[in-house]
Amino acid sequence: MSFFTKKSVNEHKTIDLNKLMRLAGEVEESATDGLVSAESMEELSADLGVPQEQLYAGLGMAGSASMKLEHDVAFVVCTGGCQGSGALACVSELLNLRDDLVDEGSAAFDVIPAHCLNRCQSAPVVEVRSDDGTAVLAKATPESLTEAVGELFD
Ligand code: FES
């Protein structure tokens with residue numbers, strides 16, 4: 001019998017809370033009328049030298065800024081506690097998938113960070129919201145999101 005506790009293979013690196021609050025402040029300062037666009041997030045990422053998924057996690061903590069909606073479909077990603085289960089990789093993958101669609105001139109989707117989606121036992125949690133309703137993707141992975149985006153936009 002082993003006395004060692006195995007670390008879960010699902011443990012992912014999380015952003016230090018102080019850094020997260022600093023990023024939330026940066027995003028809030030960049031907002032116009034309380035809104036930030038996908039483009040302005042990309043610019044801020046380049047200006048600060050911070051990966052976009054980290055800025056999105058900051059936006060998820062921001063009290064006075066939110067994402068400007070530009071599409072009919074939104075992928076809402078919990079970037080709170082779900083970070084420990086791989087939420088940031090999900091955000092990164094969604095941003096890449098969205099950029100590909102935009103580059104192709106196709107319909108695309110918004111990526112919206114949220115602090116908690118109240119299904120913490122199914123982390124990381126992603127919701128797909130549209131006029132048709134809300135679908136929940138539990139234990140999301142970059143692969144399952146690629147599949148979901150492919151089904152919705154191909
Ligand atoms: S912490 Fe992610 S759903 Fe609650």
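The exercises below, each with a worked solution, concern a predicted model.

Local features are taken from parts with pLDDT of at least 70, side-chain atom pairs count only at pLDDT 80 or more, and totals for chains, interfaces and linings use all residues. Residues are numbered from 1 along each chain as its sequence is written.

**Exercise 1.** Find which residues of helix 1 are buried, and state how they are arranged around the axis of helix 1.

Solution.
1. Helices are DSSP runs of H or I with at least four residues, strands are runs of E with at least two, and both are numbered from the N terminus.
2. Helix 1 covers residues 17-30, which makes 14 residues.
3. A residue is buried if 20 or more other C-beta atoms lie within 10 Å of its own, exposed if 12 or fewer, and partly exposed in between, with C-beta atoms placed from the backbone.
4. Leu20, Leu23, Ala24 and Val27 in helix 1 are buried.
5. Seen down the axis, the buried residues of helix 1 fall within an arc of 105° (the arc of the directions from the helix axis to the C-beta atoms), so they line one face of the helix.
6. An α-helix has 3.6 residues a turn, so residues three or four places apart point the same way.
7. On the face turned away from the buried side, helix 1 carries the exposed residues Asn18 and Glu29.
8. The partners of the buried residues of helix 1 are strand 1 (35-36), helix 2 and helix 3. Two residues are in contact if their C-beta atoms, placed from the backbone, lie within 7 Å.

**Exercise 2.** State which residues of helix 2 meet helix 3, and sort the contact by class.

Solution.
1. From helix 2 (residues 38-48), the residues in the contact are Met41, Glu42, Leu44 and Ser45.
2. From helix 3 (residues 52-61), they are Gln52, Leu55 and Tyr56.
3. By class, the contact has four nonpolar, two polar and one charged residues. Ala, Val, Leu, Ile, Met, Phe, Trp, Tyr, Cys and Pro count as nonpolar, Asp, Glu, Lys and Arg as charged, and the others, Gly among them, as polar.

**Exercise 3.** Describe the backbone at Asp33 and at Pro124.

Solution.
1. Most residues other than glycine have a negative phi, and most peptide bonds are trans.
2. Asp33, not a glycine, has a positive phi of about 50°.
3. Asp33 sits in the loop between helix 1 and strand 1, and is exposed because 6 other C-beta atoms lie within 10 Å.
4. The peptide bond joining Ala123 and Pro124 is cis, with omega about -5°.
5. Pro124 belongs to the loop between strand 4 (109-114) and strand 5 (126-130).

Methods
Axes are lines fitted to C-alpha atoms, for helices over the stretch in contact, and angles run from 0 to 180 degrees between N-to-C directions. The expected span of a helix is 1.5 Å times one less than its number of residues.
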